[in-house]
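I opened this entry to get my bearings in a new structure. My notes follow in the order I looked things up.

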Amino acid sequence: TFVTISTVGYGDFSPTTVLGRLFVIVVILGGVCFFSLETGNIMTMLKLSACGKGRFTPRNAANQHVLVVGGGITSGPVSVIESFLMSLVDASHGDDVPEVVLMASKSPDDDLVTLLNQRWATRANIKYLWGNPTSPKDLQRARISNVALCYVLADVNASPMQEDLQNIVRAAAVYRLHQTPMLAMMLEAKNIRFAVQAGIPERMCAGLDDLEFATIASSCQCVGLSTLIIN
């Protein structure tokens, strides 16, 4: 009766003695409890991963990946981050297409979740982690020791000084923890000096306003370049 209730079923051999039957009952109870607990753990892991609270698991532990942090991940139109990610994982890179981890301090909105569930994103293993880039514990979830390059994206709709200072704090935390190569985007190039004071090499910083002026200057040599980029 116990074998029937537990849905284990009889095999080719079954115990006949009282002691043997008691032993089988204990084993069956242990197995049922073990698989119930493990099933619950698996469901918990899936829920954590869906909301960004899990850990990044690369397809190949030996390969390096790209980490993206900053206010630009969750602010502004999703088409901006989509274009950025597609350029990172473009098939033209051949075998050098990196896996990508996005980290921001709030849960992803519906548009971003939809983007990351698209076929090209899942194929490239782009993962979103809900965490704080200034926290060593959260950076360990992103496997910071295996990061080849970190991008710090700014929110272009935010206050330039406030956004730049926040990104400097994020960039400094990542760089100090593992000397990770990075490209920190500043909304105003004049704020790069604060990044340098925070210990970030100047060569790893770029001012958005300088890039805009460089694009305008390039259009003098290549007519229509700025229009092409803007459109």
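I began with terms: helices (H or I, at least four residues) and strands (E, at least two) are DSSP runs, numbered from the N terminus. The expected span of a helix is 1.5 Å times one less than its number of residues.

The model is predicted; local features need pLDDT of at least 70, side-chain atom pairs count only at pLDDT 80 or more, and totals for chains, interfaces and linings use all residues. Residues are numbered from 1 along each chain as its sequence is written, and side-chain values use heavy atoms, with hydrogens and water left out.

**Helix α7**

I checked α7, residues 160–178. Its 19 residues reach 27 Å from first C-alpha to last, close to the expected 27 Å. I then listed its buried residues (buried is under 20% relative accessible area, exposed over 50%, partly exposed in between; 1.4 Å probe, protein chains only). Among them are Glu 163, Asp 164, Ile 168 and Tyr 175. What do the buried residues of α7 pack against? I found α6 (136–141), β4, β5 (182–186) and α8 (192–197). Contact here means heavy atoms within 4.5 Å. Just after α7, Gln 179 has a positive phi of about 50°.

**The sheet**

I traced six strands in an open sheet, ordered β3-β2-β1-β4-β5-β6, with parallel pairing. Two strands pair if DSSP finds at least two bridges between them. β3 (126–130) and β6 (205–207) are at the edges with a single partner strand each, so one side of each lacks a neighbour in the sheet. The twist averages 20° from one strand to the next. Strand β1 (residues 65–69) pairs with β4 in the parallel sense over five bridges. Val 68 has Tyr 151 of β4 as its bridge partner.

I looked at helix directions too. Axes are lines fitted to C-alpha atoms, for helices over the stretch in contact, and angles run from 0 to 180 degrees between N-to-C directions. α7 lies across β4 and β5, at about 170° to β5. α3 lies across β1, β2 (99–104), β3 and β4, at about 150° to β2.

**The aromatic pair**

I found one aromatic pair. Rings of Phe, Tyr and Trp (its six-membered ring) pair if their centres lie within 6.5 Å; planes under 30 degrees apart are stacked, over 60 edge-to-face, the rest tilted. Phe 84 and Tyr 151 have ring centres 5.2 Å apart and planes at 85°, so the pair is edge-to-face. Phe 84 is in α3 (residues 78–88) and Tyr 151 in β4 (residues 147–152), so the pair ties together parts 67 residues apart in sequence. Both Phe 84 and Tyr 151 are buried.
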